[in-house]
Amino acid sequence: MSGRLARYALFQASDYVRERGFPLLLVGALLLLMAIQGAIGSAGVDLGGGELRTLATATVFLELFAPTAVLIAVNGIISGDRKHHYYRLLFSKPISAPRYYAQAFLVSLFGTLVATLLVLVAFGAIVGAIPIWGALHFVLLYFLLFGGVGFLLSAITEYDWIALGVVWSLAWLLRSWFPADGSAFGSVVDVLLPPLQLLAGAAAPLLGGAGIDTHSRLWVVAYGVAAFAAGLLVVRYRPMAS
Amino acid sequence: MIELRDVSRVYRSPLGRPIRAVEGFSLTVARGEVVGLAGPNGAGKSTLINILLGYLNPTSGSATIAGRAPREYIEANGVGYLSELVAIPPSWTVRSALARYAVLAGLANSEIQSRVTQLIALLGLEEHERKRVRQLSKGTSQRLGLAQALLGDSDVLILDEPAHGLDPTWTLRFRDLMSELRRPDRAVLLVSHDLDELERTADRVAIMHRGRLARMVEIDSAKPSLERHFREVTVEGVA
């Protein structure tokens with residue numbers, strides 16, 4: 001008898017809503033408030049204003065929201081089950097652990113996009129209308145890259161959110177210390193570390209409808225998918241118990 | 001059905017010193033058989049169960065279920081497994097936990113509610129079915145753990161301290177249940193510290209000591225001897 005993993009996605013979705021969706025909406029609301037206050041502070045006037053100011057506020061908001069949302073969405077996605085020993089009963093059932101976690105990742109991705117949509121609708125109502133698809137596109141790219149790396153780290157270590165923070169910081173610091181065109185080491189660093197710099201300035205053009213260049217988009221997606229696939233291999237071959 | 005052949009498992013201490021948790025352990029459990037596994041704390045029982053479930057790789061030797069690697073068998077068929085510490089997310093209710101595990105065990109939608117209700121009744125969980133796992137006593141959690149192990153009607157049951165934390169009424173009920181779980185096409189491995197329970201339910205009991213199979217005791221209900229064997233092995237150090 002095979003387990004009905006696809007049917008179990010509904011339970012994973014309800015877990016997502018309770019454990020990650022609500023916290024994500026709360027964080028979204030707080031960041032929205034911060035973004036609004038920042039906009040008011042810089043303009044010195046009320047919220048009314050031009051489209052440019054709205055887009056600038058949305059850019060600041062998205063650049064804060066996307067990494068936070070992904071961190072909330074993937075933190076402990078695998079390591080939590082190891083840490084609390086939930087895997088012991090789960091995987092005594094006729095299901096594959098890599099498939100289970102791949103599905104959990106997809107549910108998280110979908111849930112994060114839905115939560116983002118809700119936050120963007122709130123943003124549109126309070127601050128001003130923004131191109132929703134451009135904003136979702138940015139969060140999707142962020143999720144694929146940062147979430148893929150987070151998935152891999154969660155398969156490797158119990159301290160995945162710390163590890164993700166370290167990787168994120170290293171990606172920025174090492175790139176600024178060792179530029180890709182400055183040395184051979186810089187080139188290696190550039191290829192090995194997540195290409196977060198390609199997303200750094202992507203929110204504004206995506207909101208403005210210009211998009212980002214195909215090479216950057218492909219590299220971001222390929223890196224994230226490769227990290228996700230590596231995470232699945234770790235789940236497959238690394239013993240659950242230690 | 002279950003076969004452990006010359007299984008060893010060596011851990012490394014933080015300083016790199018080898019710690020032999022299991023050493024050259026062999027055991028078979030045939031269909032229709034209930035085999036007990038006893039041993040003092042630290043004997044290597046948990047490590048062995050982890051290897052048998054594919055949650056840990058042996059350093060040497062092999063573990064198979066129906067001739068297949070544990071994970072391969074379990075992903076295709078599942079096993080009924082009750083862990084010593086029943087780890088179920090605390091926010092799940094008793095009924096929802098069983099419904100979730102039933103989906104993972106492969107039960108059809110039409111079967112889930114009736115099977116869950118049946119197991120709730122069998123394990124006396126009716127008054128707890130809406131409670132969250134965090135609200136359950138040790139004994140009730142144990143009964144929930146046992147209920148989820150029985151969902152899939154598996155040919156392989158691995159029960160790790162199933163009567164741990166049960167009150168006297170449920171300890172007695174559990175003995176009846178164990179005799180109901182025995183069937184010709186099923187292999188049962190029962191891990192317990194309770195020698196009396198093992199003597200009542202198992203056909204054979206493997207006594208494990210310091211990672212090794214110290215003695216295999218054939219149970220003869222007319223001449224109880226497990227406690228003597230256990231004492232000889234673990235207290236008096238007789239091989």
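A crossing of two helices is called left-handed if the near helix is turned anticlockwise from the far one by less than a right angle, and right-handed if clockwise. By this criterion, helices α6(A) and α7(A) cross in a right-handed manner. The model is predicted: local features need pLDDT of at least 70, side-chain atom pairs count only at pLDDT 80 or more, and totals for chains, interfaces and linings use all residues. Residues are numbered from 1 along each chain as its sequence is written, with chains lettered from A and ligands numbered from 1 in the order in which they are written.

In chain A, the axes of α6 (residues 132–156) and α7 (residues 160–177) come within 9 Å and cross at roughly 135°. Axes are lines fitted to C-alpha atoms, for helices over the stretch in contact, and angles run from 0 to 180 degrees between N-to-C directions. Helices (H or I, at least four residues) and strands (E, at least two) are DSSP runs, numbered from the N terminus. α6(A) and α7(A) are therefore oblique to each other (under 35 degrees is roughly parallel, over 145 roughly antiparallel, 65 to 115 roughly perpendicular, the rest oblique).

In chain B, six strands form an open sheet of mixed pairing, ordered β5-β6-β7-β3-β8-β9; two strands pair if DSSP finds at least two bridges between them. β5 (80–82) and β9 (212–218) of chain B are the edge strands, each with a single partner, so one side of each has no neighbour in the sheet. Strands β6 (residues 156–160) and β7 (residues 187–191) of chain B run parallel and are joined by five bridges, including that between Val156(B) and Ala187(B).
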